[in-house]
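Please give me a guided tour of this structure. I have it open in a viewer and want to know what to select next and what is there.

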Amino acid sequence: MSRTARTVMFAAAGGAVAVFAVLAVVRLPAFGSPYHPYRDHAFLAGVAHDTANLVSSVNFDQRGLDTLGEETILLASVMGVSVLLRRAEDEEEHDDRSVGWVLDATRLGGYIILPVTVLVGFDVITHGHLTPGGGFQGGVVVGTGIHLMYVAGRYRSLERMRPTTPFEWGEAVGAGAFAAMGVAGLLVSGAFLANLISYTGFGQLFSSGTVALLNGAVGIEVASGVMVLLAKFLEQAIVLRRREDGEK
Amino acid sequence: MVALTVVGLAGTAVVMTVRTDRQAVALAAFGLSLAVLFMALQAPDVALSQIGVGTAIVPLMVMLTVRKTRQSR
């Protein structure tokens, strides 16, 4: 396709999106106003399914299929990075993995904050259906929290703490579990991602049916995805060098 | 309103930064200001993801990429 044709196509499509977006936005109920039909329906549906965190109710129950799509995008991008950043034939590992000089205060801060951060991440995942947060947020917190080890200047320890292979598995298992729960709902109740577990009481730890389980699956997937992603980038930047004799 | 202004200023700073490595730091600051805005708009869960993705993961990826490209030059 020529450059002009591409520009024309972009202008047409972009213009159409812009026009429809503006038309949609001006008809939205005003921010913070009492009239908000979508909120009212979502609220009642969330309460009926014992899901205290309404955002999780929307993400994993009312619009669960959208979330499956998002998780698949994450899976695809992590796979893409893994393929793209794999070790090339003319690259080799080298032993110098020092990340430079790190302030003692930074080192100590990293050691202290690391376990707290990871614990908070797990807390956010397990209470995703009760309090703000959820599988994605908690997974990101866990995935980044581990990398405080790198900030503390201990790249070798980080490598030992998170071998890549189990997390590549975790990424696949998390995404697969989400889809499997969807199919299970289809088989049992006749609707994709339909709830399978009885509701046992608003605000309880095990209360919102499959929402809590889906939160867990997403948590595993996102935490693993972030770890694999950063592991590949760190490996490229720190460990792998182009082989000297390979060049000319 | 203050948070929104800071987001605007930080975003402009990211665009105006020429060197890529400094741009990553500006990007992290921009991400943090966005997280503050999300908090002010009562969306703590979005703010949490924003801190993780926008201020930690993405700038780190940019920094590592810059480091890698400098090595191979």
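This is a predicted model: local features need pLDDT of at least 70, side-chain atom pairs count only at pLDDT 80 or more; totals for chains, interfaces and linings use all residues.

Chain A holds ten helices and two strands. Read from the N terminus, the order is α-α-α-α-β-α-α-α-α-α-α-β. The radius of gyration of chain A is 23 Å, well over the 18 Å from the globule rule for 248 residues, so the chain is more spread out than a compact globule. Along the principal axes, the C-alpha trace spans about 65 × 55 × 40 Å.

Switch to a surface. Chain A exposes about 14,300 Å², with 68% of that supplied by carbon and sulfur atoms. Of its 248 residues, 38% count as buried.

Colour the charged side chains next: 18 are positive and 23 negative, and the centres of the two sets lie 5 Å apart.

Now show the aromatic rings. Over all chains, the count is two aromatic pairs.

Select A:Phe60 and A:Phe178. Their ring centres are 6.4 Å apart and their planes stand at 45 degrees, so this pair is tilted. A:Phe60 sits in helix α3 (residues 54–62) and A:Phe178 in helix α9 (residues 164–189), so the pair ties together parts 118 residues apart in sequence. A:Phe60 is buried at 6% relative accessibility, and A:Phe178 is buried at 1%.

Finally, select A:Tyr150 and A:Tyr155. Here the ring centres lie 6.3 Å apart with the planes at 80 degrees, so the pair is edge-to-face. Both A:Tyr150 and A:Tyr155 are buried.

Technical notes:
Residues are numbered from 1 along each chain as its sequence is written. Chains are lettered from A and ligands numbered from 1 in the order in which they are written. Side-chain values use heavy atoms; hydrogens and water are left out. Helices (H or I, at least four residues) and strands (E, at least two) are DSSP runs, numbered from the N terminus. The radius of gyration is taken over C-alpha atoms; the globule rule is 2.2 Å times the number of residues to the power 0.38. Buried means under 20% relative accessible area, exposed over 50%, partly exposed in between (1.4 Å probe, protein chains only). Accessible areas come from the Shrake-Rupley method with a 1.4 Å probe; for residues, only the protein chains shown count as cover. Lys and Arg count as positive and Asp and Glu as negative; His and the chain ends are not counted. The place of a charge is taken as NZ of Lys, CZ of Arg, CG of Asp or CD of Glu. Rings of Phe, Tyr and Trp (its six-membered ring) pair if their centres lie within 6.5 Å; planes under 30 degrees apart count as stacked, over 60 as edge-to-face and the rest as tilted.
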